[in-house]
Every structure is written in C-alpha cells, then in structure tokens.
Amino acid sequence: MKNNRRIIRGAAMLLAAGLAMGGLGACSGDKPSGEVTGNTLTVWCWDPAFNIYAMQEAEKIYQKDHPDFKLNIVETPWDDLQTKLTTLGQANQVDQLPDIFLMQNNAFQKNVLAYPDLFQDYKNAGIDFKQYPAGVVAYSIIDGTNYGLPFDNGAAIDALRTDVLTQAGYTVADFTDITWDQYLTIAKDVLAKTGKPLLSGQAGSSDMIMMMLQSAGASLFDAKGNPTITDNDALLASIDMYQQLVKAGVFVEVNSWDEYIGTFVNNSVAGTINGSWIIGSITSAADQSGKWDITNLPKFSNVSGATNYSANGGSSWAITSNANYALAADFLKATFAGSTEFYDTILPSSGALANWLPAGESKVYAEPQAFFGGDAIYSKIVDYAAKVPSNNTGAYYYEARDAVGAAITKILNGADPATALAEAQSTVEFAMQ
Amino acid sequence: MPRTIPRSTTALDTESDKQKRRFGIESRRSLTGWTFLLPASLLILWMNFYPMIQAFILSLKTGKGTRLNFADPLWYNYERLFHDDVFLLTLKNTFIYLVIQVPIMLVLALILATLLNDPNLKFKAFWRTAIFLPCAVSLVSYSLVFRTMFSNDGIVNDALLGMHLIGSPINWLAQTGTARFVIILGLVWRWTGYNMVFYLAALQNLDYATFEAARIDGAGPIKTFFYVTVPQLKPMILLTAIMSTNGTLQLFDESWNLTQGGPANTSMTMSHYLYNLSFRNNPNFGYGSALSYAILIMVAILAFIQMKVGDKRD
C-alpha cells in the first residue's frame, strides 16, 4: 500500500513536471511565428536532407539581395500535410495556411479541384514555365492555369549494379534503348548466371505499372478525365510484362518500403527502376560505391507512343491563398525558377535534381560521380526528364492507382485480367459518382 | 436521505411556510448536484453530441470538398453503401476479425485471470505485469513491430526455417488468409491483458466462501470454473464483450500500419476505408460520415443483442 502511494506521488510529480515543461515549450515555440512581418514566409515541406535543405539554401541566396528576408520552415511529412490541407479546406480556415507548401504532383489535381479557395495561381508570378519539361508542368495545370512550380525531379531511371552485370557478361550499354522483351531475356540470363534478380517492389503498389504506362504517354484516364482501365492497350501490355517479370523471378515482390530499399542495399537485388530520387537511397550503401550506373528505361515494342522515358513522383511548390503573394512569387522566381547558383549548391550535397532546364547546362551537372563509376549521371537524368511523355493523372489518381493495384494482386493470384480490370474500372467509376 | 421535512417545531408554521422551506432545501440540494454535473455535461454536449449531430447532417450531403449540397434523395449516401463493393468487403473483413478474435481473446483472458487469481501462485505481480504490459504499447509501434516480424526476411520466417517447419519463407502479409491471421494475432496479443485485468478485479470482489463451498461439495477446478466463477463474472463478461465488439468494429491502426489494407483490400477495416474516403482519396466527407453512422448503428445493434442475451436479471 505504502509502495503504491509512493508510485502515485512520483507519477503525479512527473506529470506536473511534464506539464510545466510542455508549457515552457509552448511559450518558446510561439515566439517566432508571432513576429509576422513583410519579410517572412512560412513554408511547409518534408525531408530535412532534401526539400528542407533546398529551402534553406534558397533562403540564403535570396538573403543576398534582401538582407531582412526570413523563412520559417515547418517540417511536415506529406501524409500529415495532406491531412492538414483537407482539414483546413473542409473547415475553411484559410488563415492557418503557410505562404508556400510542397505538394506531390499526383495530388495536385485532386486538391485544387476540391479546395480551390486554398490556392493562388502563378498567372502574375512572372515565371516562364517553358523552362520546365511539359510533362512535369502538366501535373499542376488545372483548367489551363499553373498552380505549381515543379521542384523535385521524378524522371525515371534504370539503376544497375555494373559488377553483377559484368559477372553475367553484360554492360549497361546492353540495357540502354532496349525493349521490355529484350530486358526480360537479359534479366533472366543475369538471374541464371548470378542468382540476382534485377528488380524489386512493393506487392500491391502499382508504381511500376504507372511508370510503364507513362512511358507510352498513357494513363488510367482519358483527356476528359474518364477512367480508361478497360480497353487500355498500354495497361494490358504493362500488366502482362509485370506478370512475366514476377513469374520469371526477375522482379521480387516485398511488403513494405523498407524491405524494398533493403533488397538492393543488402545486395540481394542488383538493380531498380524508379524516380531519380531513389539515388538518395542507393548511395546510402557506401560499400557499393563505384558499382552502380544508370540508364534509361526499356520501352514497349507493341504499344503506340512508347518511349524509353518515364517519371514517378516528384513534387511542386504551391502558393496558398493566405500568402504574401508578391513576396512568395518573387522569392520562388529568384531562386527555384531563376538561379543556377542555387541548383549548383544543392545538387552535390543532396542530389536534389532540378526540373528547371537551364540548370542542367551548368558544369556541376556534368561532373563525373564516383559512386556511379565516374558517369555524369545528373546530366543524363536532366536529358531523360526533358523527354518524358506527358499524361493525364486526373483528379482520381489515387483511387485508380489503388483499384489497379488490387486488380494486379488478383491477376497474379490467377484471376482473369479482363474481369479484374473491369472490376477496377467499376470501382473507380463508383468513386467518381 | 429522507425527502420529507420533519414535522414543524413550532405550531405557528403555516402550510405555505412549510412548502417554501421544503422547496428551498430541495432546490439547494439539486442545485449542488447540477453544479457538479454542469461542466462535464456541457463539455460532453459541446464536444461529443454537437459534432455527432453535425456529422449526421453532413452524412445527408454530397459533393466534393467544401462544395456540399443536400443529397437527393436525402439518404443517398446510406443507399450508396449497399452498392459499394469496397465497403462490403471491409464490412466482411471487420466481421471476420470480430467473430474470430473477440471470443478467443475473452476466453484466454478469463483463463489467465483465473490462473493468476490462485492465492498460492508465486511471482503473482510479475505475471500480472507481464500479461498486462502489451496494453501499454502504442498501437502504431506494435503494428510496426509485427510488420517487421512477419516480413519475408523477418524473425518469424527465420525461426520457422531454422526449425525446418517450412521449406521457403511464407509471405505472410501478401496473402489474404495469413494477413488476416497476423492482424488477429496482433489484436489478441495487444488486448488479452487488458480484458484480463477486468476479470481479475471482478474475481477479487467475489465471495471466497462460494469457492470454498464448491470445494467442500467436491467440485474440481474445472467444474468450479464453469459453475461458480463464470456465472458470477457474467456482468463483467458482458461489459468486456461489448467493449471489445465496439473496439473491433472501429479497428483502424492495425489495418493501416500492419497490412495497409492489402492484399487487394482483403484485410482493410471499415474505419480504414472511412479514413481513405475522407483524407486520402478525393475528400468525400458526406459519404464518410454516412459510413461512420453505419458503424454506430452496427455497434448499437450488437450491444443491444449482447445485453438481451447476456443479462438475464429480472
């Protein structure tokens, strides 16, 4: 009994201390946001090593001409950002928004259409969007108006372990400008000779399919935004190839993102196809330095409009309706859309690749990268990015992607593709009602 | 407390005086009660009932984002639920969890509580803490730990391979049956100790004489359990059954963190689908609210049935 009382007293004291500290924390946290002046912009974005770092460098560059300028960067992971955005939009609390925030390209259409009152467009920002790849800008164009400034480059790459390829008697050149059928043949051979598959990915995620689709300029929606999951030649070809890759053991399906990264960091898979941002994860395995190289994607031989280029992910900056518009627009124009110095700073230290095409002409992009066997991979990627076909993601991108992901799981378990895709189509049509 | 005032002390008291004084004391008494009740009641009204009414009104509306209008017909969103294949699938999943997990968990909790209530048991405090401890773990962290344990190269596959029970790793979370099994296993691990504590508390309130009487009458431990312990614990079993049913129908964290609803939505729960509808996909708060009311109605019906079946007091 005595013991219990002591525990309770201890707990009460801890609680009191916690409350006091929480109170203090709140006080010190309040100060910076309290000093709202004409020189401060608040930004929401995620990833300290990438987006936040880029914002901090942009702040330094803008400060050279505007010494009083300050950024208040709030780290907000994308999932939280989407939830906040929905909540604020639904409750109409525009004054709680920051000036600028980062948004996944795939979520742009949906959010601008559902909550148009949260955004300001780029009409009066004086930014030349012709200096960006058309496919990337298209994500954030709604009714012909630009709502996003592309930042993070999502151009897809085929990253390969050169040491494993050498063992099997191949080079990266054998994987460049090839078709998926050729890829499958070589990959089977590599698997047979070295025991290493060349691809991995999350089961039920349709990232690979979406990249294959976009490489042919196709998507799950037509130009009017109607779902085209049935009668979609590019989709059928993609699913068929995906199935062949998985059945041949060339593509290993895992359950989580960490497992996916683990497959190539732990040497069990000798390559990956993804957005160029995957380089950050590849280079995290320091012991594999010099053993990687990149090339473009395989293309379909039997689909019209097929290319060797695609994209996955990527994100763009949005200006909110709560923003100091003139300052926000000028800041973005002077840094993200107009400073090669800025991109030259962030590329070597974070691998943050520009969508802004003039940056690709800089010398820094042409520097050989030791991790990738001395190849100038960044100028390669900028070159790929310019060739990515544009497609329509549509406002119902997430619904369609989930439905197709479920259909692929069913097909791999033996369901008839036509039936499974028809179900996916009706699921999306139902969601759109 | 006597409700009547004692007969007047002086004969001069008139009837109206008596009335006045009675009213005075009684109203003062109830005023004290109301003063204590008022803050909590107002908070509940404001934080609980007001949003519930708003959610009901919202469930009658359709539209994207903030551009909501009353549906035509008003019950459109509710009707839509019956045609929604994904909703029907999540409904089925949730009921599979309910029907399998709740009975297993409650029986286990009951057995553990009886064992731990044995006065001759050594290290009693240790066992109780050990079994209750999973409850102190956050839902998200235990889900993530389970996901790691049951991954392709996780500890479970390693152990089974090491013992030569399986030839190749089982992809637990990528198959419908095993994915549901992992979720149920996680739920049992997380919640059995919680329910056990309720039973332990109830067991300690039981009259020890009833167990002694049973022993004198020659009943073994099993007969004592079924004919003495369980009948006396009935109100507590009813309470835990209602709470567990309620909790399982609103299951979210495990579905979201452990399996992400996969493969092909076959382990997704209703609340997970509700979250997707409102926050992840195109925000459809009207339909989401209708779904939350559907869950409320199901919880209410099941609780009502359990009370009718479980409570045999006259």
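Reader: At roughly what angle do the axes of H3(B) and helix H9 of chain B cross?

Author: First, the general idea: two packed helices are described by the angle between their axes and the distance between the axes. Here, the axes of H3(B) and H9 (residues 221-249) of chain B cross at roughly 145° and come within 10 Å. Axes are lines fitted to C-alpha atoms, for helices over the stretch in contact, with angles running from 0 to 180 degrees between N-to-C directions. Helices (H or I, at least four residues) and strands (E, at least two) are DSSP runs, numbered from the N terminus.

Keep in mind that this is a predicted model, where local features need pLDDT of at least 70, side-chain atom pairs count only at pLDDT 80 or more, and totals for chains, interfaces and linings use all residues. Residues are numbered from 1 along each chain as its sequence is written, and chains are lettered from A and ligands numbered from 1 in the order in which they are written.

Reader: Which residues of H3(B) and H9(B) meet?

Author: Contact means that C-beta atoms, placed from the backbone, lie within 7 Å. On the H3(B) side, the residues include Tyr97(B), Leu98(B) and Met105(B), while those of H9(B) include Phe225(B), Ile237(B) and Leu249(B). By class, this contact has 9 nonpolar, 8 polar and no charged residues. Ala, Val, Leu, Ile, Met, Phe, Trp, Tyr, Cys and Pro count as nonpolar, Asp, Glu, Lys and Arg as charged, and the others, Gly among them, as polar.

Reader: How many helices and strands are there in chain B?

Author: Chain B has 12 helices and 2 strands. Its pattern along the sequence is α-β-β-α-α-α-α-α-α-α-α-α-α-α.

Reader: Why is chain B described as more spread out than a compact globule?

Author: Because its radius of gyration is 27 Å, well over the 20 Å that the globule rule gives for 314 residues. The radius is taken over C-alpha atoms, and the rule is 2.2 Å times the number of residues to the power 0.38. Those C-alpha atoms fill a box of roughly 100 × 70 × 30 Å along the principal axes.

Definitions and conventions: Contact = placed C-beta atoms within 7 Å.
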